[in-house]
Amino acid sequence: ALLLPGRGTAEGASGMSAGGAGAATHVRVKRARTTFFVATQPAETVLELKQKLQVLSKQPVAEQQLQLEDGTVLEDASTVGELKLETDCVLALCFLKGDGEWEEPNIESFEPDEDGEDEEEGAAGLGEEAA
């Protein structure tokens, strides 16, 4: 199960289940109005997920940050299994800006709808101000 994908493996990754101990998980990685559907295995690390996203987003791994919907930043060494990522879970993809700061998650309807739909207009921006 120690299969380290090289460059360009994102295209065939969904069909590769030979080395995986568990079932494939398909996560949604969102940034602005773009959604990437990425197949992962429980033993796959966040770094390996970023390598797949590099092929899709054309953004270097070092300039990518993945966050859970609650704003938790995912560490590169963590695995999909450790993080308990399930099929159809949503991750926010943030890029490193020119000033060395990470951009804020910018995903339409990134916040859960538990407060109602009144705040839908501001959902793409900073939703954390309404505490």
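The side chains of Asp-88 and Arg-28 form a salt bridge, with N and O 3.5 Å apart; the term covers a side-chain nitrogen of Lys or Arg within 4 Å of a carboxyl oxygen of Asp or Glu. Asp-88 sits in the loop between strand S3 (64–67) and strand S4 (90–95) while Arg-28 belongs to strand S1 (residues 25–31), so this pair ties together parts that are 60 residues apart in sequence. Helices (H or I, at least four residues) and strands (E, at least two) are taken from DSSP runs and numbered from the N terminus. Asp-88 is partly exposed, at 44% relative accessibility, and Arg-28 is also partly exposed, at 27%. Here, buried stands for under 20% relative accessible area, exposed for over 50%, and partly exposed for what lies in between (1.4 Å probe, protein chains only).

The model is predicted, with residues numbered from 1 along each chain as its sequence is written, and local features need pLDDT of at least 70, side-chain atom pairs count only at pLDDT 80 or more, and totals for chains, interfaces and linings use all residues. Side-chain values rest on heavy atoms, with hydrogens and water left out.

The count of salt bridges comes to 4. One of them joins Glu-103 and Arg-31, at 2.6 Å from N to O. This pair links distant parts of the chain, with Glu-103 in the segment after S4 and Arg-31 in strand S1, 72 residues apart. Glu-103 is buried, with a relative accessible area of 17%, whereas Arg-31 is partly exposed at 27%. Asp-76 and Lys-50 make another salt bridge, their closest N and O atoms being 2.7 Å apart. Since Asp-76 lies in the loop between S3 and S4 and Lys-50 in helix H1 (residues 46–57), the pair ties together parts that are 26 residues apart in sequence. Lys-50 is buried at 6% relative accessibility, and Asp-76 is partly exposed at 31%. Side chains of opposite charge can pair when their charged atoms come close.

The overall fold can be described next. The protein has 1 helix and 4 strands, and from the N terminus on these elements run β-β-α-β-β. The 4 strands make an open sheet in the order S2-S1-S4-S3, with mixed pairing; two strands count as paired if DSSP finds at least two bridges between them. S2 and S3 stand at the edges with a single partner strand each, so one side of each is left without a neighbour in the sheet. From one strand to the next, the twist averages 30°.

How do the individual strands pair? S1 and S2 are antiparallel over 7 bridges, and Val-29 stands opposite Phe-36 in S2. S1 and S4 run parallel and are joined by 3 bridges, with Leu-91 in S4 as the bridge partner of Val-29. S3 and S4 are antiparallel over 4 bridges, and Leu-66 stands opposite Leu-93 in S4. Helix H1 packs on this sheet, touching S1, S2, S3 and S4, and its direction makes about 135° with that of S2. Such angles run from 0 to 180 degrees between N-to-C directions, with axes being lines fitted to C-alpha atoms, for helices over the stretch in contact.

Leu-93 touches, among others, Val-29, Phe-36, Leu-53, Leu-66 and Glu-103, not counting residues up to four places away in sequence; contact is taken as heavy atoms within 4.5 Å.

The largest nonpolar core has 15 residues, of which Val-27, Val-29, Val-38, Leu-49, Leu-53, Leu-66 and Leu-93 touch the most other members. S1, strand S2 (34–40), H1 and S4 each give two or more residues to this core. A nonpolar core is a set of buried Ala, Val, Leu, Ile, Met, Phe, Trp, Tyr and Cys residues joined through side-chain atoms within 4.5 Å.

For the protein as a whole, buried residues make up 33% of the 131 residues. Among contacts with a separation of 6 or more, 51% come from residues 24 or more positions apart. The protein exposes about 8,300 Å², and carbon and sulfur atoms supply 49% of that area, as computed by the Shrake-Rupley method with a 1.4 Å probe.
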